[in-house]
Amino acid sequence: MALARPGSIRRYYDINGWLFVGPALALICLFLVYPIFWSLWMSFHSGRGALVKFVGFGNIQRLMGDAVFIQALTNTITFFVVQVPIMILLALMLASILNSPKLVGRDLFRTAIFLPCVTSLIAYSALFKGMFTDDGIINSALHALHIISSPIPWRADPFWAKVLIIIAITWRWTGYNMIFYLAAMQNIDRSIYEAARIDGISAWGRFFHITIPMLKPVILFTSVISTIGTLQLFDEVINITEGGPSNATLTLSLYIYYLTFKFMPNLGYAATVSYVIVILVALLAFLQFYAARERDQ
Amino acid sequence: MDNFLRAQLPRVAALAMAGVSLFAVSAAQAKQLTVWCWDPNFNVAIMKEAGARYTKTHPDTTFNIVDFAKADVEQKLQTGLSAGGTGLPDIVLIEDYGAQKYLQSFPGAFAEMSGKVDYSGFAPYKVNLMTVDGKVYGMPFDSGVTGMYYRKDYLEAAGFKPADMQNITWDRFIEIGKAVEAKTGKKMMGLDLNDAGIVRIMMQSAGGWYFDKDGNPSITDNPALKASLETLGKIISNNVYKPAAGWANWVGTFTSGDVAAVTTGVWITGTVKAQADQSGKWGVAPIPSLDVEGAGHASNLGGSSWYVLANSQGKDEAIDFLNEIYAKDIDFYQKILVDRGAVGSLLAARTGIAYAESDPFFGGEKVWQNFADWLAKVPPVNYGIFTNEADAAVIAQIPAIAKGGSVDDALKAIEAQVKAQAQ
Amino acid sequence: MSDRLKATIVTIATYGFVGVMSFISVFPFLWMILNTTNTSIDIMQGRLSMGSALSANIRNFFAATNVPLIFWNSTKIAILSTVLTLAVSSLAGYGFEMFRSRMRERVFQAILLTLMIPFAALMIPLFVIMGRAGLIDTHIAVVLPTIGSAFIIFYFRQSTKAFPSELRDAAKVDGLKEWQIFLFIYVPVMRSTYAAAFIIVFMTAWNNYLWPLIVLQSNETKTIPLLIYSQASAYYPDFGVVMVGVVLATLPTLIVFFLMQRQFVQGMLGSVK
């Protein structure tokens, strides 16, 4: 793509470019720039409530020695590494299946799988808490299917609590990602698939060689969004496990929330932890962009 | 506009002006006080009652009571305070454990009331927690004085009479629990392993807290805390509890009759009594005591107080209102006791009729009298400003204790975490 | 294995997979609806059968507060948010993709970066801004910060990469101006993208909790999530009532989804060819 354009065309591009982008940019500048600089400035301060004083890099030093922070960091990265790939794969498979015109009851399935996104946080966290108790439905069902011999202590065991959270997130957000893929798949011309089928390419082949490449921009989008979402994980952990047991499901966002609202409010330190998230996400997002980079002509 | 109307215009205008000025005059005197609190059936309803009483004698003052979830009130309050005091109400409800935190980290944000309210009439431990540098900042509201509510029918089935439940120790409680489970299959209590409430009750009953009188962490050298954690360990290892996954679940353990007892603050009374079919089956006894020096049978869990924001427009009216109703209106306290099960902190209110009543739900016991007596015996402690951090540290160690780990190790870990967090 | 057998197995596996996924997805919703008929105690005990408390629960739900007003508040905010966000952000996404320049790439990356900052870090200064503008406790304050949505800009930009440039070239040959190309060619062609974005933005705005909590102060301006949370966190929550609230709150998003999803099915109708 030619970035080096002759003068008048470049001006034309520039004027139009800024016009289209302008309104959004103005709003973002208005409502995000000040808060971002404020929180950046705050991260160099520390103190109780309104009694803040400048500490330079003191907050970063505190971070290094903060065992709870390290645990929150580890948990967050663990969730990211395990949950995001599973969810994206699941959503892709589902979207691909539901995109086929031959499937009976497509509308029903599609609605069903999207429902979790629409279910309110209270309802589904109450439900998950209720279903995954020691004597709850899940344990009973697993027992009946002879998969386990003694009930799994979902909420009391650090490992299983993490599994519970991963199940909850995947359940909630797979449909969301599926919608994005479905929309993008609609934009793929059917005739390409027809031609491939006539050429004798199998369903898997069509999936891997046509669908996925054409969906690459959207897959990248959902992957980055899911990265951001999982690294900022908050809703599920505060409602289902409250960060427990013994901080096994404490995430960075939850820690920030506690630092801001539950513990003695230290807004400066909380801001510092926020920027750890930003750096982490930026790093991972950049990696993903790089991996999917387009080769411009 | 036709001529007739045009002629009328000056008259209409004059009337309008008069109306406006009349409105302006009364508007200058009329005040609407905004109050933030949680729980529609308890705090909100009580505040509405208080407001109605005040408006009767002061028709210019009306009330706008906005209810949010408890965590949300704290979030909004803290956001507003951190933003320099914008967007805040006139009166706000703050849970007692957090009072010092707000008072100390946002100095000047709350209105001082020491000169205007007679605090000698309130339970000392309530006044203590809202005092900074000798100045008192809030209006004590409901007390979380604790009691042990127990199912007389389950205990009888296991061979225990009400007399057997009076002034027992926790070790005895656990013994009784095992017997009850053996005979009736019911666990003795519901327990949420993600909540340190029971630890706090036990600790305060022996006059201890996470922090000493000066607010310094007192963890490893704290016999009350150690005894509390040991007792918690015994409750878990003897399996006399039903696990609860969160608040609502915990409430469900006793409302559905799954457990034989619940030890918590008096504000649970309304919830207990809401099960009409359980009337006559419940009794109330003093909470069990720890096995340490200075241990008693009185403690507190929760409880909150009203605070006035210093830069509120209706500050004076708010203080006057709180003073008139919450500090003086004894009849008000009778009403909220009967209607909502709210035990106020005004000591004089205990002489009112309602407090002497026997309650048919509890088999004719004079439960309120008991609570009123215990209220005066609650050991005053300094909640300090880092209670939530200490709570979190304790909760983080509960799984280890539940697995039978050493309490001393747990205490060391708690101390390390508290020292790291408490900055 | 014969081809037909293989095909049958694949079909069964496919339906089985989708079926199980659907059941898992739907079950909680059914549980919610079921619970609107039960009393609070039954719900807490995990009862799985129909009860008879539906009318009582409904009555109690509506008696508690001015529910129609709160519903209207949520609807107003959600529709306003959705329409404005789609307009502003799709323009930007299109602009970033169609009119690339080194400078704008940097701006885009900066905008993406803002997505990565947790809202909790921005909440207080944003609150201060609204306070200075005198917009605390207004619905405008709830809507404004969300319109310039980095998320939706990102989405539209990625989706625009699939927009065939031949369409634009053809349109320019026909003499159309840029804004006309956007309005009359891009928008109709990207219909399914708009539909997906509509659902997502509506849902987010409808269920938005933290920011409305912070910025709204009075009973009259509240939105539905605030109402439900307040009811669910009482000392003794009445879960039957909460479930009624939750089901009612979920309905509009469901309706929006049903309306918009037809756009997915229609796909592109000939305009490419």
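User: Which order do the strands of the open sheet in chain B follow?
Analyst: The order is β2-β1-β3-β12-β6, an open sheet of 5 strands with mixed pairing. Strands pair if DSSP finds at least two bridges between them. Strands (E, at least two residues) and helices (H or I, at least four) are DSSP runs, numbered from the N terminus.

User: Which are the edge strands?
Analyst: β2 (61-67) and β6 (138-140) of chain B, each of which pairs on one side only. Neighbouring strands of the sheet are turned by 25 degrees against each other on average, ignoring direction.

User: Before we go on, where does the model come from?
Analyst: This is a predicted model: local features need pLDDT of at least 70, side-chain atom pairs count only at pLDDT 80 or more, and totals for chains, interfaces and linings use all residues. Residues are numbered from 1 along each chain as its sequence is written, chains are lettered from A and ligands numbered from 1 in the order in which they are written, and side-chain values use heavy atoms, leaving out hydrogens and water.

User: Back to the sheet. In what sense do β1 and β3 of chain B pair, parallel or antiparallel?
Analyst: Parallel, over 2 bridges, with β1 at residues 31-37 and β3 at residues 91-95 of chain B. B:Trp36 has B:Val92 in β3(B) as its bridge partner.

User: What does α3(B) touch on the sheet?
Analyst: α3(B) packs on it and touches β1 and β3 of chain B. Its direction makes about 120 degrees with that of β3(B). Contact means heavy atoms within 4.5 Å. Axes are lines fitted to C-alpha atoms, for helices over the stretch in contact, and angles run from 0 to 180 degrees between N-to-C directions.

User: Which helix of chain C does α3 of chain B cross?
Analyst: Helix α6 (residues 119-132) of chain C. Its axis and that of α3 (residues 70-82) of chain B come within 9 Å and cross at roughly 65 degrees.

User: Which residues meet there?
Analyst: From α3(B), B:Thr79, B:Gly80 and B:Ser82; from α6(C), C:Met123, C:Ile124 and C:Phe127.

User: Now chain A. How many helices and strands?
Analyst: Chain A has 12 helices and 2 strands. Its C-alpha atoms fill a box of roughly 70 × 70 × 30 Å along the principal axes.

User: How do those strands pair?
Analyst: β1 (residues 45-48) and β2 (residues 51-54) of chain A are antiparallel over 4 bridges. A:Ser46 stands opposite A:Lys53 in β2(A). The two strands form a hairpin with 2 residues between them. In the turn, A:Gly49 has a positive phi of about 55 degrees.

User: How much area is buried between chain A and chain C?
Analyst: About 7,800 Å², with 78% from carbon and sulfur atoms. Buried area is the accessible area (1.4 Å probe) that two parts lose on being put together, summed over both. In chain A, A:Phe20, A:Phe31 and A:Ile122 lose the most area to chain C, together 10% of what that side buries. The contact takes 83 residues from chain A and 87 residues from chain C.

User: And between chain A and chain B?
Analyst: About 2,300 Å², with carbon and sulfur atoms giving 54%. A:Phe261, A:Phe263 and A:Met264 supply 26% of the area chain A buries against chain B, more than any other three residues. Here 26 residues of chain A contact 25 residues of chain B.
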